Amino acid sequence: VTVNNGTLQNVFGGGKGDNSIVPYVAGDVTVTVNGGNIKNLFGGNDASGEPNGSVLVTLNGGTITNAYGGGNNTLVTTTNIVQNNATVTNLYGGSNISGNVTTSNVIVTGGTTTTLYGGNNRGGTTATSNIDITGGNIMTAYGGGALTDTTASDITVVDGMIGILYGGGQEASILNNSSIVVNGGTIDTIFGGSNIKGDVMESQIQINDGTLGEVYGGNNQGGN
């Protein structure tokens, strides 16, 4: 699927499906956005099933409200979402309402992202989220999910501008450990843990270079 322009409500790299029908997607899924305005973008399926191959979502331009490496109500084994130069309000490495993700890979090289999540949004879990940031402008970034847990998160920052960086989730836990490595870039505030609520068993922060304001090993407002 390639989107060059236009106004779109929902875009899926995979199939639709429902309670009685499971769509079959045999090969790899590639979604590339070069322009246009999209409300919801998914690398995976809508209501049932999962792609049998790899999933790659590449954002080269355009304006997107919600971008998911995974599906809407569906699982994806491994997701890959690359933010190069789009304007994105919410970017998720995982799925939306439900659907487990084994590994999510988020790469940010540029563009503007209001909120980035390595994990899922409302339901399902992500086992491992990997986030690599080499550029761009991000207001808030989470290694975990919005309202649902992630087992482990791994964040590496090489360059770019970040307002607040969390190893954990917004209102969600990291069941094992969160890891943040900063090799460059400008970051106002770092929390090794979560934001509003959510427990993080272990947080690790390693700072090798960069310009930083405040660094906290634990959570922000709630959780442990």
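Which residue in E4 does phenylalanine 12 stand opposite?

Modeller: Phenylalanine 12 stands opposite phenylalanine 42 in E4. Please bear in mind that this is a predicted model. The two strands concerned, E2 and E4, pair in the parallel sense, and five bridges join them.

This pairing belongs to a wider arrangement. Nine strands with parallel pairing form an open sheet, in the order E2-E4-E6-E8-E10-E12-E14-E16-E18. At its edges are strand E2, residues 7-12, and strand E18, residues 211-216, each of which pairs on one side only. On average, and with direction ignored, neighbouring strands of this sheet are turned by 5 degrees against each other.

Within strand E4, which covers residues 37-42, one finds leucine 41. Leucine 41 has a relative accessible area of 0%, and therefore counts as buried, the limit being under 20%. Its contacts beyond the neighbours within four places in sequence are Val11, Val31, Val33, Val57, Leu59, Ile64, Asn66, Ala67 and Tyr68. Leucine 41 can also be placed relative to glutamine 9: the two are 32 residues apart along the chain, and 8.4 Å separates their C-alpha atoms. As a general point, side chains in a regular strand alternate between the two faces of the sheet.

A polar atom of the asparagine 45 side chain lies 3.0 Å from the backbone oxygen of serine 48. For the backbone oxygen of glycine 49, the distance to a polar atom of that side chain is 3.5 Å. Leaving aside neighbours within four places in sequence, asparagine 45 touches Phe12, Gly14, Gly15, Pro23, Val25, Glu50, Pro51, Gly71, Asn72 and Thr74.

Strand E12 (residues 137-142) and strand E14 (residues 161-166) run parallel and are joined by five bridges; here methionine 161 in E14 is the bridge partner of asparagine 137. E14 also pairs in the parallel sense with strand E16 (residues 186-191), over five bridges. In that pairing, methionine 161 stands opposite threonine 186.

Technical notes:
Residues numbered from 1 in each chain as written. Predicted model: local features only at pLDDT ≥ 70, side-chain atom pairs only at ≥ 80, totals over all residues. Heavy atoms only, no water. Helix = DSSP H or I, 4+ residues; strand = E, 2+ residues; numbered from the N terminus. Buried < 20%, exposed > 50% of the residue type's maximum accessible area, 1.4 Å probe, protein only. Contact = heavy atoms within 4.5 Å. Pairing = 2+ DSSP bridges. Axes fitted to C-alpha atoms, helices over the stretch in contact; angles between N-to-C directions. Polar contact = N/O pair within 3.5 Å; in protein donor to acceptor, adjacent residues only side chain to side chain.
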